[in-house]
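My notes follow in the order in which I looked them up.

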Amino acid sequence: MKVLMLNGSCNERGCTYTALEEIGRTLCEEGVDCEIFQLGADPVRDCIGCGGCAGGSCVFTDDGVNRFVEKARKADGFVFGTPVYYAHPSGRVLSFLDRAFYSGSAAFACKPAAAVASARRAGTTASIDALGKYFGISRMLTVGSTYWSMVHGNCPADVLQDREGLQTMRNLAREMAWLMRCIETARAAGICPPAPERTERTNFIR
């Protein structure tokens, strides 16, 4: 089993990474492989609604979206991490996820996911809520913890002092590992995810 984690921060070794790293250590203790995919500081295109992704990949190839989706197809679970900007996730991570979920929705369906936010002080719950919207529309299973999945600090050293935040990350990792094992056991017993009905689109405006 493998968990793919997205570090949605420009800072590859900052506060968001520190939270993901804590999750990763605990996952490894649980016998689960993990990988942190770095969004990095390069430009990320916004979705332009062209519909070209109907072919299974985004038409824009100058950033990491298609690479991430390819990794997602092989992953069993996900953690999406973001810093907080103006009480909201990074605009770059939202642009990245818009295109990843539009072009690769099947890679995420029926798999467990968690959102993690890091902030100096506030805006974390709004950021977690925004990322959670991707899970609900993509037939994913949201993984919880013993508190909202957030850490606080202005730098990694501060985050390492947030004992409650780090504990929440570890508990989240254990919940993730448990849920993935449950899914694996169900599939071995022939219990598969339900097939959704064919999509009906109600358009009131003609």
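**Pockets and cysteines**

I began with the largest pocket, whose volume is about 380 Å³. I note that the model is a predicted one.

I then listed the lining of the largest pocket and found Asp98, Phe101, Tyr102, Ser105, Ala106, Ala109, Tyr134, Ile137, Ser138, Arg139 and Pro196. By class I recorded 7 nonpolar, 2 polar and 2 charged residues in this lining. I traced at least two lining residues each to α3 (91-104) and α4 (124-137). The element that gives the most is α3, with 3 residues.

Of its 16 lining residues, I found Cys15, Pro83, Ser118, Gly153 and Asn154 to be the closest to the centre. Two or more lining residues come from each of α1 (15-29), β3 (77-85) and β5 (112-119). Here β3 gives the most, with 3 residues. I sorted this lining into 7 nonpolar, 7 polar and 2 charged residues.

Last, I checked the cysteines. With a cut-off of 2.5 Å between sulfur atoms, I counted 0 disulfides. For Cys50, the closest cysteine sulfur is that of Cys53 at 6.4 Å, which is too far for a bond. I also looked up Cys192, which is in no disulfide, as the nearest cysteine sulfur, in Cys110, is 9.9 Å away.

How values were computed: Residues numbered from 1 in each chain as written. Predicted model: local features only at pLDDT ≥ 70, side-chain atom pairs only at ≥ 80, totals over all residues. Heavy atoms only, no water. 1 Å grid on protein atoms, 1.4 Å probe; cavity = no way out; pocket = protein on both sides within 12 Å on 5 of 7 lines; lining within 4 Å. Points joined across faces, edges and corners; volume = space filled by probe spheres on them. Helix = DSSP H or I, 4+ residues; strand = E, 2+ residues; numbered from the N terminus. Nonpolar A, V, L, I, M, F, W, Y, C, P; charged D, E, K, R; others polar.
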